[in-house]
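Here are my notes on the model, point by point. Please read them beside the sequence and the coordinates.

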Amino acid sequence: MDSKNLYQEVILDHNKKPRNWGKLADASHQAEGLNPLCGDHIWLSVKLEGEKVGDIAFEGESCAICKASSSMMTTNVKGKSVDEAEELIREFRDMATGKLDASSDPNHLGRLRVFAGVRDLPSRVKCAILPWHTLHAALNSEATVSTEGDRDPVAAEDR
Amino acid sequence: MNASSSAAHALKPAALDVERLRADFPILDLKVNGKPLAYLDNAASSQMPRQVIDRLVQYRTREHANIHRGVHYLSETATAAYEGARVKIQRFINAKEAREVIYTHGTTDSLNLVMHGFGRAFIGAGDEIVVSQLEHHSNIVPWQMLCEEKGAKLRVIPCNDAGELLLEEYEKLLGASTRLVAITHVSNALGTINPVKEMIALAHKQGIPVLVDGAQAIPHMKIDVQDLDCDFYAFSSHKMCGPTGIGVLYGKAALLEKMKPFEGGGDMILSVTFEKTVYNVIPHKFEAGTPPIEAGIGLGAAIDYLESVGMDRIAAHEHDLLAYATESFARVKDARIVGTAKSKAGVLSFTLKGVHPHDVGTILNEEGVAVRTGHHCAQPVMQRFGIPATARASFYLYNTMAEVDALVAGIQKVRKIFG
């Protein structure tokens, strides 16, 4: 795995200029995501309008992979239905853990495929996945999600 | 060699022949991502020379049996090798007696042994334990557990912005309630060498025993426990060219004899009936069950190796590497060295403005450069400096100036990628 493939223009751009940065004043759903091992820490706020993600925003402190993943997630799920968002969460997680080959298996990931390279960097997989699990938690009215311990979504997936 | 030339030798050690020495470490020939490996994560774990690997193979192919209980040839051979390694350790740290050297599973285990064997017996409600801002979690958490159990209090020696402990504050913390001082010799996150000899003397003035976490010190400098006059000294084998799974707790015999055993089981008893069990003498009182025998023998071989190179020469070489790296970093835009103590071991912790340390680590890995990133199991240190994490390069006897150059070139690449 060449990190040049991971640290691509699009990821670096979203890291530098994260989209949908901040907090929604009128959020209907919120969640906090934490990776205690590396310190990635994000807050996500979502405003559902009926069955649709009407608005979404995030803020926090994290590495470039986590921040770019968060930023691109917000632009991708805004306007989508909750079911479509959950499907994207599943596909992103499967791509990052190597269960889905984004170039050959059917999927809706589009430009999110730039994160495919993390599957070769086990220590960085959780950085990319954290915002997606935080979104899943928010949509299911869970307040916090951690990448370690009983609530480790990656480990839970393997059980 | 006569006395005067020996003294001159001690003053100015001959430089290490690093290239020749590197040939002893097979793993250093690896290529990572097509680049020569620059292994700069020695504070986490060091690599093993062929001399130690060969000793492990010899033990496994010619000498293995359980120790201390067989009358047969192999058991006696294994016992002699394992106990022989204990004597090597005793000599290496200049302990008065070999029975003051207790085998453990590593530094963490050693510290927990003191917590259970000494702390639970002699520390009670209202008593105080003094640690420092620079401790690894393994010299914080056991004491917090004890405080919770006994109602004792943890007091913390603060440090300045360079990462040096404030000795005047330390003196103020010592008092009639202080039952133990537990301090690190060298900070794993910053590299600060603490003035432990002076700190021990200050505690002893008030009759307070001192435990020193020597995990980051013993691989890099000559340790003399009698000269330090520490009551306990804890360290691991795997940071000093030995195998994982074994470490040491040195303790003064008089203290060890007063302490309670940590774990119960075989080897730590003299006799067992359902009515009464008589514990074995030290060090065996603290060594329940079959130990990692080959790891202990491997540690002995690692000590032979380090002594053949010379601890003074190793310290001087690392000092040169650190000076060169510090100087090189001064020229890297946006790089900040965290931990600028006047007295430092070969650790360079740094941040790069606008780039998370994990991104730095991933890109350096692409260049074959292995560094540690994160909070280094020392979150209170990170909190003191207001940062979530750092990247850390740490040096050992086999590192070269060219590897420092590879590190700096890698950092320049990170800066280029992140613009």
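1. Strand 7 (residues 178-184) and strand 8 (residues 210-213) of chain B run parallel and are joined by 4 bridges. Within that pairing, Val181(B) has Val210(B) of strand 8 as its bridge partner. Two strands count as paired if DSSP finds at least two bridges between them. Strands (E, at least two residues) and helices (H or I, at least four residues) are DSSP runs, numbered from the N terminus.

2. A word on conventions. This is a predicted model, in which local features need pLDDT of at least 70 and side-chain atom pairs count only at pLDDT 80 or more, while totals for chains, interfaces and linings use all residues. Residues are numbered from 1 along each chain as its sequence is written, with chains lettered from A and ligands numbered from 1 in the order in which they are written.

3. Which order do the 7 strands of the open sheet in chain B take? The order is 4-10-9-8-7-5-6, with mixed pairing. Strand 4 (101-104) and strand 6 (153-157) of chain B are the edge strands, each pairing on one side only. From one strand to the next, the twist averages 20°.

4. Helix 6 (residues 141-150) of chain B lies across strand 5 (128-132), strand 6 and strand 7 of chain B. Helix 6 runs at about 145° to strand 6 of chain B. Axes are lines fitted to C-alpha atoms, for helices over the stretch in contact; angles run from 0 to 180 degrees between N-to-C directions. Contact means that C-beta atoms, placed from the backbone, lie within 7 Å.

5. Now chain A. Helix 3 (residues 64-77) and helix 5 (residues 122-139) of chain A pack at about 35°, with axes 8 Å apart. Residues of helix 3 of chain A that meet helix 5 of chain A include Ile65(A), Met73(A) and Val77(A). Among those on the helix 5 side are Leu130(A), Trp132(A) and Leu135(A).

6. The contact takes 14 residues from chain A and 12 residues from chain B.

7. Overall, chain B has 15 helices and 17 strands. A compact globule of 419 residues would have a radius of gyration near 22 Å, and chain B agrees, at 22 Å. The radius is taken over C-alpha atoms, and the globule rule is 2.2 Å times the number of residues to the power 0.38. The C-alpha atoms of chain B fill a box of roughly 75 × 55 × 45 Å along the principal axes. Residues 24 or more positions apart account for 71% of the contacts in chain B with a separation of 6 or more.

Key. Contact = placed C-beta atoms within 7 Å.
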